[in-house]
Structures are given as structure tokens and as C-alpha cells.
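Here is a short tour of a model, written for someone who likes to keep the structure open while reading. Please have a look first, and then read on.

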Amino acid sequence: MHIPDGILPLSLTVAGLAAAAGVTAVSLWRIKARPDPRADVPRAALMTAVFFVASLVHIPVPPTSVHLMLSGLMGMLLGWFAMPAILIGLFFQAVMFGHGGLTTLGVNGVIFGLPALAAFGFLCLVRGQGGPACHAVTAFAAGAGAVMLAVALFTAVLLAGLPAHLDAATERRAILALALAHLPLAVVEGLVVAAVLGFLRRVSPELLRAA
Amino acid sequence: MPREPAGPGPIADPRLRILALVVLAFGFSALTDPRALALMVVLTVALAWRFGLPPAVLARRLRWPGVVVCGLVILLPLLSGETVLVRLGPLSVRAEGLEAALGIALRFLCIVAAAAALLAPVPLPRLVAALRALGLPALMADMALLMLRHIEELRQGLSRMRVAMRLRGAPTGFWSGQFRGIGWALASLLLRSHAQSERIYHAMILRGHGAAEAAPERFRASPGDWSALAVLVAAGTGLLVLEHML
């Protein structure tokens, strides 16, 4: 779901960069308002590394395989740290593997970062409600929902930025195809996020509370 | 003050390499005219040659994003445009889609090649220090430096845990609950690495990292560095001007 260099026009890449910079500035402002802004840096760095490594872990989903995105997990574990963490992870993915792009860093940051912040907001809304089953459903919904929101943003940006005209019927088919293709990833990611959060809730709940 | 270690190519200072790449990459992404695209290819070949870009490094960077770009390059000529060039049974190759696909492929190749030529030789911690010197917030620079220490460790840890799970006879198919095993492996790896991450960061702070009076890492650009940057910026902006004139 990373948009590579060369596809989007300059106006869209610059707008994406401005949007990502704006969201990151708000995130950093919220972080700096904390009593000790540096306290959560190790956890954020660790999750950034997990976000980076997740793109190398392939899970077989017949007839192909998918790799985890983990935006929802980033949002739920890091809160406001999620946006800067995702931007750093995307930058190194682009520099080390060419995964994503440098001109599209802002656009990709928005595609991955907004779902992470949405998952964080969702967790804040439902925090402390219900038992273990309810927590698992919440984690699944946040993980899977983040993937589907990212797919929606990815599709919208790609169709708006393609330097070629597609008729309305082709656009509808492309949107449907992309959504269906990513549905297994959303399910897998929701299940993995629910498993991670369930484990952490039982073994180390302070990691969840910190966000 | 010591000079920057001489890397391949005419720019040693990593800050100037980043600036040159930003100008070239964003300049390239705005080109659509075939003549401007041809000049972009010439400039990229010259850049790759002058900065000594090994073909294997470029090939490695084309593997991941190449899938998305290949998909678009194959589909666009078939789906977009009115002017039919060739009919292949039920499929028609259209001129407008073909032109857009070629533009995408060339811009993609040139930006990836420019990024590989300028940034691949720079060690990653040095790259973070250069970004910090260019204005990256200290908090993000700290996260980036710590992340670099964790990547290889996490990758090896996850790989070891998956092998151990398989050896213990854990199910491996999608329908047999493999996702839960991956989730638990990921969570226990997080727990294990979290304490270590905090220890490393606190040790860095005790050694003076991030202190107000600590001297920041300094860079020194030579006149040759500035000249090479000026040439690359002029070339990038020149292509943009040409695009608007054509």
C-alpha cells in the first residue's frame, strides 16, 4: 500500500508533505505538553522498528501472501507518537529498500498515519468498557478498520493522482478490486492486533496504559 | 575541524546530498513532456555514473516498488485513453494510457536511481545526524537512532521465534490460527525488547545525549561540495523551466 515515486503529480506530493508535516507538528506539540516528553521515546523507537520489520514478515493468505501494516497497533500503543514513528519508518523503508518513495513520503505518511490516529481515537472512546471478549473485538475492529481506512485513502490518492483519465466505470471497478484484494489483509491484521493486545493486557498492562 | 570523509561522488557532505536529492526528486516528479523526460534520463545516467552507483544497489531498490509500478504500466495503456494504437484480441492498447505509463516508469526509475546514487553510500546514523542538522526535531532524531539499533535485533528475534514455533509443531496454515501465534510472538518480542530499549536510551542520556550544552554533530561542506550542489540544483530547476517552456 506504499505509493512509489513517479506516479503522483508535484501538487499532490507537496500537499501530502504539508499535511504530514501539519499532523506531525500537532503530534509533537501534544507530546511536548507531557511532563517528560522523552519518557516514551524508547517505546516509540521500538514500535517504529516493529513497523519497519513487519513489512518483511509475509503471512500466507491463499492464493498469495500479505505483509502486516500495523498502523492500528501503532496508534493503539503509541498514541500521539504514532505519526512521527510512522514517518521515520517510511523514510527508512524508502531509503534502505526503495519501499514507498521519497517524494511520496508525505502522502504515504498520511495514508498510514491517519488510520493510526483514528485507531488511537477509537481506543480512547471505548477504553475500560466491557470484558476480555469486548477488548478483543475492539482490538480487532481497530486493527482491521485501520487497514480499510488506509486502503480507502490509498485508492482515493491513487485515482486522484494518476496522470491518465479513467472512466467512471473503470474507477469503480478499480476501487472494488482494491478493497476486495485488501479484505484478507484487514482480517489477518485485525486478528494479529487482537492477539498482540490480548497478550499485552494479560502480561504487561502498563504498556497499554502508557499510550 | 575535520573534513567529511570522501565518499563516492563529488559531494561529501550528507546534508548537501539530501538537499540535492530533494530538488532533483521533486523536479523529476513534475516532468511530463517527452523531451524533458529524455533530458531527465540523461541527467540521471550522468549522476549515477559520477556518483558510482552500483547496478546491484539499484536493482535491489527496484524490487519492492517495482510491483506497483509494473501493475500500473501494464494496466494504464489498456484502460485509459481514446486513441487505439493496437488491438490484441479483446484488448486495445491506447496512446494516452501508453504515454502516461511511460512517464510513470521513467520518473520512477530516475527518482529511485538518484536516491540510490546520493544516499546509498551514506551510513544511516550519519544520515540521521544530517537530517537533524537540517532541522529534524530532536525527538524524531532520537527515535530514528534508537530504531536503527533495534531493527536487526528484532528481525533476528522474530525469525528465531517463528522457527522455534515450527519446531514445536505449531500450525503453519492460514486457516489453522497462525495469526494468533504471530501475534503472541510479536507481543513477547515487544516485551523482551522494551526493557532493553529503555536501558539503552537512559544510558545514552547519562552519557550526555540530548543535553543542551552537548556539542551537536557538525558538518563541513567544501567549496567543491557547494559547487556540485549548485550544478545539481541548476539542472533540476532547469528541467522544470524547460517543462514549462515546451
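The report below goes through the interface, a pair of helices, one further helix and then chain B.

This is a predicted model, in which local features need pLDDT of at least 70, side-chain atom pairs count only at pLDDT 80 or more, and totals for chains, interfaces and linings use all residues. Residues are numbered from 1 along each chain as its sequence is written, while chains are lettered from A and ligands numbered from 1 in the order in which they are written.

Let us start where the chains meet. In total, 53 residues of chain A are in contact with 57 residues of chain B (contact: C-beta atoms, placed from the backbone, within 7 Å). Five elements of chain A give two or more residues each to this side: helices H1 (10-32), H2 (41-54), H4 (82-97) and H7 (168-203), together with strand S1 (58-61). Helices here are DSSP runs of H or I with at least four residues, strands are runs of E with at least two, and both are numbered from the N terminus. The most comes from H2(A), with 11 residues. By class, the side of chain A that touches chain B holds the following residues:

| Class | Residues on the chain A side |
|---|---|
| Nonpolar (Ala, Val, Leu, Ile, Met, Phe, Trp, Tyr, Cys, Pro) | 39 residues |
| Polar (the others, Gly among them) | 12 residues |

H2(A) contributes A:Ala44, A:Met47 and A:Phe51 to the contact, and H3(A) contributes A:Met74, A:Leu77 and A:Leu78. These are 6 nonpolar residues, with no polar and no charged ones.

Next comes H4(A), where 14 of the 16 residues are buried (20 or more other C-beta atoms within 10 Å of the residue's own, C-beta atoms being placed from the backbone). Just after H4(A), A:Gly98 takes a positive phi of about 75 degrees.

Chain B has 8 helices and 2 strands, in the order α-α-α-β-β-α-α-α-α-α from the N terminus. Of its 246 residues, 35% are buried. An automatic or database assignment gives chain B domain 1 (14-129 + 220-245) and domain 2 (136-206), whose C-alpha centres lie 35 Å apart.

Note on methods. Contact = placed C-beta atoms within 7 Å. Buried ≥ 20, exposed ≤ 12 C-beta atoms within 10 Å, placed from the backbone.
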